[in-house]
Amino acid sequence: MTTSVAVLGATGSIGTSTLDVIAHHPDRFRASVLVAHRSVDALVALCQRFRPDLAIIADASLGAELARRLVAADVRCDVGAGSDAVIAAVSGPLCDTVVAAIVGAAGLESTLAAARAGKRLLLANKESIVMAGPLLLDALREGGGVLIPVDSEHNAIFQCLPGGRPDLNKAGVRRLILTASGGPFRGRTRAELGSITPDQACAHPKWSMGRKISVDSATLMNKGLEVIEAHYLFGAPADAIDVVVHPQSLVHSMVEYLDGSVLAQLGNPDMRTAIAHALAWPERIEAGVTPLDLPRSGPLAFEPADTDTFRCLALAFEALRAGGDATAILNAANEVAVDAFLAGTLPFLAIAEVVEHVLAELPPEPVVDVQTLVARDAVARQAARKVLHRAYC
Ligand code: NAD
Ligand code: MG
């Protein structure tokens, strides 16, 4: 029997890698639902190749155009438009597995809906768990499905723990050690980061990714979001999560046990490994990834993270320790600041300043439900825009 997979964010970096793994295993997996934001051309091309049951364009104004273009391309599949269509698709019978690979807070409601519906949830969209960790865990319990992390660090930790996501105390775990490549500006001083351009920030030395996560990697906010993600996914307190910079990006993360053992997962930096693992778990399948050749890989180095230069990592730890919805506030402010940086209206170093201002302005409130959280996300975005206008326009 083939597994039907809904790929949310099908036209993006993770979506493309997911479809590549699926294409290697037509006997096992079928891309039954494809979702993109605005790129009608790219979605139509994917539909021609993968013949899904349903194609959805999240920008509702483009639904008629998608339908017309699919008919012209001789693709017969149902067409949906708007975020309600995405929610209905991930909750309905057309998929067993949902790959949550939309970028940013825009992925929150579909991630929650997939969890509530008890689907096998392959989580790449880290912003949704950073925003709504407790609500996502509730939704998973309610739905009774399984979550398998796709983010490479969390996928590595999942692989190094017994039985996926156990109680860490019972499993004898002392710490989770997240590795970070250090991004394109590792070793630079603040003075050297004053005039960084978006293209420089997006030129990651090891991973090829979408622009938002590339900027997050350059500021180390990505690692900060991943610390928060690890806290919710594995139930580790902030004090039991460490970050170590490992520029080769071959060790994807580690788990340290009470007896001193440290288990690591290694592999070439290619997201298809984590995606194939998550799709097939607990089995293993071919991912199309070049095998790791350690004798030719050169030395593996490890160093501490420079949180004075890369303030975003320290801010993420502070938000996690502050509790409540502080991590949602951090995420919203960061999304606004990264958009402004990518648009050329905010200097690179000011991303951390905007996030810090907004966190100071909005003390945390308890996470109650999605509606309250979405409203707080909007308030944080407005506060971030005010800081931007006041200080940088
Ligand atoms: P990307 O920018 O390459 O792709 C984003 C995808 O989301 C596109 O298909 C786009 O059409 C879709 N999208 C954007 N806004 C949407 C909306 N409002 N509604 C529906 N779809 C929308 O991003 P990416 O690099 O593939 O990252 C996707 C997610 O995976 C992010 O949360 C990122 O942090 C996470 N992630 C990515 C990588 C990686 O290697 N790229 C690794 C780990 C985690
Ligand atoms: Mg990662």
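**Entry 1: the annotated site.** I began with the UniProt record, an unreviewed entry, whose "binding site" annotation covers D151, E153 and E226. I then checked how these residues sit relative to one another: they span 76 residues in sequence, yet no two of their C-alpha atoms are more than 8.3 Å apart, so they gather at one spot. A reminder to myself: this is a predicted model.

**Entry 2: D151.** Where does D151 sit? I found D151 in the loop between β7 (147–149) and α7 (152–160). Is D151 buried or exposed? I count D151 as buried because it has 28 C-beta neighbours inside 10 Å, and the cut-off for buried is 20 or more. Leaving out residues up to four places away in sequence, I see D151 touching A124, K126, E226 and E229.

**Entry 3: E153.** I moved on to E153, which lies in helix α7. With 27 other C-beta atoms within 10 Å, E153 is buried. Its contacts, again not counting residues up to four places away in sequence, are L178, T179, E226, H252 and S253. I note that E226 turns up in the list for D151 and in the list for E153.

**Entry 4: ligand 1.** Which residues come nearest? Of the 26 residues around ligand 1, they are G9, G12, H37, A58 and G210. The elements giving two or more residues to this shell are α1 (13–24), β2 (29–36) and α6. Helix α1 gives the most, with 3 residues. By class, I have the shell down as 14 nonpolar, 9 polar and 3 charged residues. Domain 1 (3–149) and domain 2 (151–307) each supply at least three residues to the shell.

**Entry 5: the domains.** I finished with the overall division of the protein chain, which runs as domain 1 (3–149), domain 2 (151–307) and domain 3 (323–392). The centres of domain 1 and domain 3, taken over C-alpha atoms, are separated by 27 Å. Their contact takes 9 residues from domain 1 and 9 residues from domain 3. Which element gives the largest share of the domain 1 side? I found helix α6 (residues 126–143), with 6 residues. That side of domain 1 has 7 nonpolar, 1 polar and 1 charged residues.

Conventions
Residues are numbered from 1 along each chain as its sequence is written. Chains are lettered from A and ligands numbered from 1 in the order in which they are written. This is a predicted model: local features need pLDDT of at least 70, side-chain atom pairs count only at pLDDT 80 or more; totals for chains, interfaces and linings use all residues. Domain bounds come from an automatic or database domain assignment. Two residues are in contact if their C-beta atoms, placed from the backbone, lie within 7 Å. Helices (H or I, at least four residues) and strands (E, at least two) are DSSP runs, numbered from the N terminus. Ala, Val, Leu, Ile, Met, Phe, Trp, Tyr, Cys and Pro count as nonpolar, Asp, Glu, Lys and Arg as charged, and the others, Gly among them, as polar. A residue is near a molecule or strand if its C-beta atom, placed from the backbone, lies within 6 Å of it. UniProt positions are given in the numbering used here, feature names are shortened, and annotations may be inferred rather than shown by experiment. A residue is buried if 20 or more other C-beta atoms lie within 10 Å of its own, exposed if 12 or fewer, and partly exposed in between; C-beta atoms are placed from the backbone.
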